[in-house]
Amino acid sequence: MDDEKVHLKCGYTYLRKGVEKSATYISPKVSQNFTNPNVIANKLANEILNATGRTVQKFLFVGKEPVKNE
């Protein structure tokens, strides 16, 4: 379903003191169920920059997981 809500997630690389590092990120925000990987990557890159100050160099993967009802 396109109106399903999800958490966006990714693996990415960034530079720290000139050394490439990798990390994973799962957005705490609930998002629409986007299907275009470029849209997901763009949203995550902006969120990672705002949350961590890191600039994404490249993505290792982008994806999503369903919001769990508690």
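Biologist: In this predicted model, what makes strands S1 (residues 5-16) and S3 (residues 31-32) a pair?

Modeller: Two bridges join S1 to S3, and the two strands run antiparallel. Pairing requires at least two bridges found by DSSP, so S1 and S3 qualify as a pair. Within S3, Ser31 is the bridge partner of Val6.

Biologist: How do you know that S1 also pairs with S4 (residues 58-66) and with S2 (residues 19-26)?

Modeller: S1 and S4 share eight bridges in the antiparallel sense, with Tyr12 opposite Phe59. S1 and S2 likewise pair antiparallel over eight bridges, and Arg16 has Val19 in S2 as its bridge partner.

Biologist: Why is Asn42 called partly exposed?

Modeller: Its relative accessibility is 47%. Buried means under 20% and exposed means over 50%, so Asn42 counts as partly exposed. Asn42 belongs to helix H1 (residues 37-52).

Biologist: What makes the approach of the Asn42 and Asn46 side chains a polar contact?

Modeller: The two side chains are joined at 3.1 Å. The limit for a pair of N or O atoms is 3.5 Å, with one able to donate a hydrogen and the other to accept it; the pair is therefore listed as a polar contact.

Biologist: Which residues form the largest nonpolar core, and which elements supply them?

Modeller: That core has 12 residues, among them Val6, Leu8, Tyr25, Phe34, Ile40 and Val56. S1, S2 and H1 each give two or more residues, and the largest share, five residues, comes from S1. Leaving aside neighbours within four places in sequence, Leu8 is in contact with residues including Tyr25, Ile40, Leu44 and Gly63.

Biologist: How do you know that the buried residues of H1 line one face?

Modeller: The buried residues are Ile40, Ala41, Leu44, Glu47 and Ile48. Viewed down the axis of H1, they fall within an arc of 140 degrees, so they line one face of the helix. They pack against S1, S2 and S4, whereas Asn38 and Asn50, on the other side, are exposed.

Biologist: What makes Asn36 a cap of H1, and what follows the helix?

Modeller: A side-chain oxygen of Asn36 lies 2.8 Å from the backbone nitrogen of Asn38, at the N-terminal end of H1. The limit for a polar contact is 3.5 Å, so this distance falls within that limit. Just after H1, Gly53 takes a positive phi of about 80 degrees.

How values were computed: Residues are numbered from 1 along each chain as its sequence is written. This is a predicted model: local features need pLDDT of at least 70, side-chain atom pairs count only at pLDDT 80 or more; totals for chains, interfaces and linings use all residues. Side-chain values use heavy atoms; hydrogens and water are left out. Helices (H or I, at least four residues) and strands (E, at least two) are DSSP runs, numbered from the N terminus. Buried means under 20% relative accessible area, exposed over 50%, partly exposed in between (1.4 Å probe, protein chains only). A nonpolar core is a set of buried Ala, Val, Leu, Ile, Met, Phe, Trp, Tyr and Cys residues joined through side-chain atoms within 4.5 Å. Contact means heavy atoms within 4.5 Å. The arc is that of the directions from the helix axis to the C-beta atoms.
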